[in-house]
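Let's look at how one chain sits against its two partners. Here is the structure first.

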Amino acid sequence: MAASVLSVERLSRNFGGLAAVSGVSLECGMGEVHAVIGPNGAGKSTLINLLSGDLPPSSGRVRLDGRDITGLSSDRVSRLGVGRSYQKTNVFLPFTVFENARLAAQSRLPSSLRFFRPAASLRHVNDAAERAIGEAGLAGREGVAVAALSHGEQRQVEIAMTLATSPKLLLLDEPLAGMGGEEAARIVELLKRLAADHAMLLVEHDMDAVFALANKLTVMVNGVVLESGPPEQIRGSRAVQEAYLGGDEEHD
Amino acid sequence: MDLGSFLVQLLNSIQYGLLLFLIASGLTLVFGIMGVINLAHGSFYMIGAYLAWSLTAKIGSFWLALPVGIVLTVALGMLMEWLFIQKLYARDHLYQVLLTYGLILAFEELRAIIWGNDVHGVTVPAPFTGSIPLTETLSYPVYRLWISAVVVVLAIAMYFLIQRTRLGMMIRAGAANREMVQLLGINIRMVYRFVFAFGVALAAFAGMISAPVSSVFPGMGGQVLIVSFVVVVIGGIGSVKGALVAAILIGLVDTFGKVTTLEIAGFNVLPELSGMATYLLMAGVLLWRPEGIFGKRL
Amino acid sequence: MRSDRTATVLGIVLLLVLVALPFFAGKYYVQLATKIMIMAVFAMSLDLLVGYAGLVSLGHAAFYGLGAYLVALAAPQYQAANFWTSLPLAVGGAALLAAAIGFFAVRTQGIYFIMVTLAFAQMVYFVFHDTKIAGGSDGIFIDVRPDAKIAGWTPFDLADFVQLYFVVLVAFVAVYVLLRVVLRSLFGRVVQGIRVNEHRMKSLGYSTFRYKLAAFILAGALAGLAGYFGAVQYGAVNPEMLGWHLSGSVLMMVILGGMGTLTGAVVGATAFLLLELLFQSLTEHWQLLMGGTIVLVALFLPHGIAGLARPLFGRKDG
């Protein structure tokens, strides 16, 4: 078995008495797309927050390439090669598309405590930003302020920023949320392309997209893992059918 | 320090701490519930003290001056909320700071116009003029004990108001979820107006009852404001319990800092630097818990 | 682009007028202009925090005041301090104080940051007010202005109001240019990103604490520079130069002019000082008018004078 990029062991997080995430273990290797699905309130977003360092876990271990990153702050986790996108668009609205991606790319410099070097003058940072914008399908929109973009385009900016930090592990929290069919299809194509040279952990409600992308699925309900395995197994699982996939097709 | 003077200092620090609590609790409620930073809070303390002085002189009785002063300051608080503060709820803290700073300047100047720039005293009212003997040589003024007792009663009343009454429930719900409260059909604007006026009245009342033990002077609001801020920072924003603990803590640190001596290289440094002790305490708490002792984690 | 060129032309014209001012204006106006430029440096330094980094400091006078006090403390009694050593001392001292206060304050956010900066500044105030380090509550006179003699040659004399004016003009222009450069730098962009969305900056991998602290120190150092010249011009220092009323006033300057633009800080400082003079000429209770003006600005002019001018010149993005 190939070495995992991300390895999670019995990860838990309590809020007061409530266990939002409880004893979750999972693996994600290079070239793998691991989708986490489950009804609202299952703890999927909390799980992403625990992995990205936005929240410290109550117990358990998170390893990146074998290195223990449990409880590290989000900026350290990011610098170790983890890029995340947010469910609610979390970008710099007053800045242009280019500046959003450029700031993301600039974060890979050893230090930005450089007071005299003009920000726009670093060729490799600009190139990385351009590349990420192109990959996210926003070429030609560089000079537009993000606040003036459509919701779908803002989601693309979110992805461009994540890519501009050149991560090896991508944590994507509902990348398709609120997107139209055409936009969503484009992002699915993009994610497929990215899957080749990234490890990808994805939370998503759009089941068509999930089954088109994922080669591994983990189903969470009430903070615990109900079942984990390849798509065929999950599709055929009776427990999953009952708990989640069956009943009314309630998306969102 | 012998036991007797230790006891006196202990009583002094508790009385000072309780008074601070009275002022800071209003600040912390307004912060916690409405998210408004009110620099003019100290001005209301000053206004309370000046009202106690001028009303006592006019009416001839401190005990009658108190209720009249409370009615006046509640009305003033309502007016301020209606005129200015309610326009700031949705605005950045920056504008709250700016507007309430403007109010401070205006209040100071109005105070100069109405009451002048002199220092005044208010005589300790009967029947609390006497002192209780602690040891053969030391005694403690009854009026100071009365202040402490009043604040303790008020603190208990506030606890019941917030925890046990319908109004208190609205206040707590307002802090937690503004939209939900409005959906329930509760008039959040009136709740806010009441809370602000209540905070103003607490500060002013603190000014009134402390007038007989400290003099009434221009600029007295500024000092109190900043110490109250330290209380809120240490206790945690929005936490009345935190304000109580922090205020007593500061009372102890400040009072004992002034009477303890510390010699460094033959120089007696503590009394001069005791003003700093409060701030060093704040620095320590910030390192330990940046959100304050009873604050919610940010 | 066109508005950029207009701004450059306006800037050059203003600079020429400032250079020429002492040749046609009287002593009163030259000294007033000196004071305005000193306050403009002070306001620009605060604008770096409030307008660009999103850090609302209510204790900025502590750094101005320390810079001022160091002029007095650097001088042996009845003698002049050396300009070339006392200036770096004032700037460095203010930077050091900013590092110490910032180390604690920058951990906090929002209302906490406002209160903590105010409280620590007040602590500095008490140090100078309650101890005999520098004359206690009365402050001290600076009997002789700092001496700029270097290798036997004195390039300028700070006791001469015209020469002081030109030295302050140089400092003013230098600070403006420095901040323009810094705001466009790698560091400057990070700081502006923090103001817009600190959480996202962290998840992008920026240790935001470090950048906010650096901005706080830089702003403190520049405030110390302003304080240095403030003390040199005034000829005395007192605790009010550290007090929170000055912190409130400089915040008003920043907002009055329009925060987040360096020009706004300059316009705000000018407008504030002129308003003060106007109100003082009207009544002895001028603070009432100033307080009322501040309230009105907070309520109705959130973008300051620049907000008024915007409809005239058209909106500029960014």
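A salt bridge here is a side-chain nitrogen of Lys or Arg within 4 Å of a carboxyl oxygen of Asp or Glu.

## Ground rules

This is a predicted model, where local features need pLDDT of at least 70, side-chain atom pairs count only at pLDDT 80 or more, and totals for chains, interfaces and linings use all residues. Residues are numbered from 1 along each chain as its sequence is written, chains are lettered from A in the order in which they are written, and side-chain values use heavy atoms, with hydrogens and water left out.

## Chain C against chain A

On this side, 25 residues of chain C are in contact (heavy atoms within 4.5 Å) with 35 residues of chain A. The rule finds two salt bridges across the interface of chain C and chain A. R200(C) and E158(A) meet through their side chains in a salt bridge, 2.9 Å from N to O.

Helices are DSSP runs (H or I, at least four residues), numbered from the N terminus. α6 (161-184), α7 (186-203) and α8 (208-234) of chain C each give at least two residues to the side that touches chain A, and α7(C) has the largest share, 13 residues.

## Chain C against chain B

Over here, 45 residues of chain C are in contact with 44 residues of chain B. The salt bridge count between chain C and chain B is zero. α4 (83-105), α5 (110-130), α9 (244-257) and α11 (286-300) of chain C each bring at least two residues to the side that touches chain B. The largest share of that side, 14 residues, belongs to α5(C).
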